[in-house]
Structure formats: C-alpha cells, structure tokens
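Here are some notes to go with your look at this chain. I have set them out as numbered points so that you can follow each one on screen.

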Amino acid sequence: MIEIKHDNRRVLEPLFAEKPYGMSLVKTYFDGYSGKAWADAEENPKVCLLRVGEFGFPAGDAASPGAQELLEKLTELAGFWLVYPQDEAWDALLREVWGEKAVRAERYAIRHDTVFDRKVLTRYAQAVPEGVTLVPMNRALFEYCRHDRELWDFVSNFRDWEHYDSYAKGVLVIENNEILGGCSTYTRFDGVPGYRYALELEVDVREQHRRRGLAKACAAAMILACLDDGIYPAWDAASRISVDLAEKLGYRESHGYTVYLLSR
C-alpha cells in the first residue's frame, strides 16, 4: 500500500463516485481538512483506505488483489478502528480477514437540513445545575483535553491549538474547576447549503456526571455558537441515546448504517 499525498487526494474520488458514502468524514478528507489515505497505486488505483480520526473507509473493487492487503494494512496502524464497509463485498472481505476481531455495530446518520429553534436551544443551554458553567474552548483547556483520555476525542483530530482555533469550536462543562464533559469539533467539511461550512460535533460527559442534563446543555450552547457564525453543526449518532438527544435538539434521523469495531 502506498500513502497518498495530500495534494494528490483527488485521484481517489472515482473509487467513491459509483458507491458514494455521503458521509461527512469522507467529505472532510476530500475537502482537505484532515485525514490520511493509502491505495494500491498512485495513479488509477483500484482500492484505497481513508482514515479520518478513528474511522476507516475502504473503497473500490473488493475483488481486486490489493483489497485484502489493504485490510491487512489496518493491523499496522494505530490500534482501534471503526471501519465502514462500502458495500456487501467489502463487508464479507472484512469479516474474512479479521474474523472474530471484527465486532459489528450500528450507527445512525442524522440529516443535514435541520431548522433549529434558537429559543429552545437557549433554554437548554441555560438549564445547568447551580455551580456548573459552560466555557468556550481555549488554549489551556485544549492542552488539558489532549492529556485526558476521556476528553481526548474533543481535540484528537487537530495538530495543536492553532490548528484547532483556525478550524474548530468547543464548549466545555466545568464544575469546581473540573471538566465534566463538553461538546467539541470532531471534523470540518463543506457543502451544506446556506452555511459557510459544517462542523461534526463530538459530545460526551464523564459517566459519573451523566443524567444531569449536561450533554444537552453544552450541545445546545455549541449549536448556538455555530449558528451565530454561519456554521452548520452536524451530528452523527453512535447509539439510540445519541439519536434521542439529537432529536431533542431539533435534528432528524436519516438512516442506520453498519460499522465494524477493530482492535489489535
């Protein structure tokens, strides 16, 4: 497998044209914001693998000789992956190559045409328990998140604070000088009509502080901050709980899709 240079990424687009993912993370790569890719050739490749964050997207002809090598490439890269097979052929090959190490899971795509109710979102953002504050991401909080495994996904796709500050937003939940959770940017992509660009949101609260309305509050605050800047706040759900929260915030579910959790 050959790593595809950033400036040559368009050579991979034909592999997605006939069976497009329609997913924000794939757009993130082709829009040039983040991600890496490998292919069986630098020109006219038959298969490729995109990686954005912890998500992997194999694409192309799963019957090609390079397809199995591509999936085996996953074992050489960092340990945890969520892999989205492009079609049934890739699904079958992935299970053949990885066997029991490939754990099937369902995720849920959320539509990108939400008409948000600012009054409702403002009410949610203000409904935090006494002593809890919602604080915009800053350099110090960014550095703290980089070194906290529970908060790492809030900043994991950004090289440093300058990179984050140029492309992203975030709102953290703080109580007694402790970060309880927050809503931040996982990726950025273009193409949502009526908006400058879109941010894919990452929402999480430490387990011991859940069921206090904190996820809803910080997500609402983040959505409002995005709307104020002409940015679309996109959502993709890892569970039905996430879908339920999204719907409270005004989103609508599009469809479910299958991913495989891979770990060495």
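This is a predicted model: local features need pLDDT of at least 70, side-chain atom pairs count only at pLDDT 80 or more; totals for chains, interfaces and linings use all residues.

1. Staying with A41, its relative accessibility is 22%, so it counts as partly exposed; the cut-off for buried is under 20%. Leaving out residues up to four places away in sequence, A41 touches I2 and I4.

2. Now to a helix pair. Helix 3 (residues 65-73) and helix 4 (residues 88-98) have axes that come within 10 Å and cross at roughly 55°. The two helices are therefore oblique to each other, and helix 3 passes helix 4 in a right-handed crossing.

3. Who makes that contact? From helix 3 the residues are A67, Q68, L70, L71 and E72, and from helix 4 they are W90, L93, L94, E96, V97 and W98. By class, the residues of this contact divide into eight nonpolar, one polar and two charged.

4. The largest nonpolar core deserves a careful look on screen; it holds 38 residues. The members that touch the most other members are L121, L201, I223, W235, L249 and Y251. As general background, nonpolar side chains tend to be buried together in soluble globular proteins.

5. Which elements each supply at least two residues of this core? Among the strands they are strand 6 (102-110), strand 8 (170-175), strand 9 (178-189), strand 10 (197-205) and strand 11 (231-234). The helices are helix 5 (118-126), helix 8 (214-228) and helix 9 (240-248). Helix 8 gives the largest share, ten residues.

6. Setting aside neighbours within four places in sequence, I223 is in contact with F116, L121, L201, P233, L249 and Y251. There is also a second, separate core of 24 residues, and its members include L12, L15, L25 and F55.

7. Is H209 buried or exposed? With a relative accessible area of 14%, H209 is buried, although it is found in a loop, the one between strand 10 and helix 8. Not counting residues up to four places away in sequence, H209 touches E175, E178, L180 and L214. For a sense of distance, H209 and R159 are 50 residues apart in sequence, and their C-alpha atoms are 29 Å apart in space.

8. Lastly, please check the backbone at two asparagines. N176 is not a glycine, yet it has a positive phi of about 50°. N177 likewise has a positive phi, near 65°, in a residue other than glycine. N176 is found in the loop between strand 8 and strand 9, and N177 is found in that loop too.

9. What are the relative accessibilities of these asparagines? N176 is at 69% and counts as exposed, while N177 is at 81% and also counts as exposed; the cut-off for exposed is over 50%.

How values were computed: Residues are numbered from 1 along each chain as its sequence is written. Side-chain values use heavy atoms; hydrogens and water are left out. Axes are lines fitted to C-alpha atoms, for helices over the stretch in contact, and angles run from 0 to 180 degrees between N-to-C directions. Helices (H or I, at least four residues) and strands (E, at least two) are DSSP runs, numbered from the N terminus. Angles under 35 degrees count as roughly parallel, over 145 as roughly antiparallel, 65 to 115 as roughly perpendicular and the rest as oblique. A crossing is left-handed if the near helix is turned anticlockwise from the far one by less than a right angle, and right-handed if clockwise. Contact means heavy atoms within 4.5 Å. Ala, Val, Leu, Ile, Met, Phe, Trp, Tyr, Cys and Pro count as nonpolar, Asp, Glu, Lys and Arg as charged, and the others, Gly among them, as polar. A nonpolar core is a set of buried Ala, Val, Leu, Ile, Met, Phe, Trp, Tyr and Cys residues joined through side-chain atoms within 4.5 Å. Buried means under 20% relative accessible area, exposed over 50%, partly exposed in between (1.4 Å probe, protein chains only).
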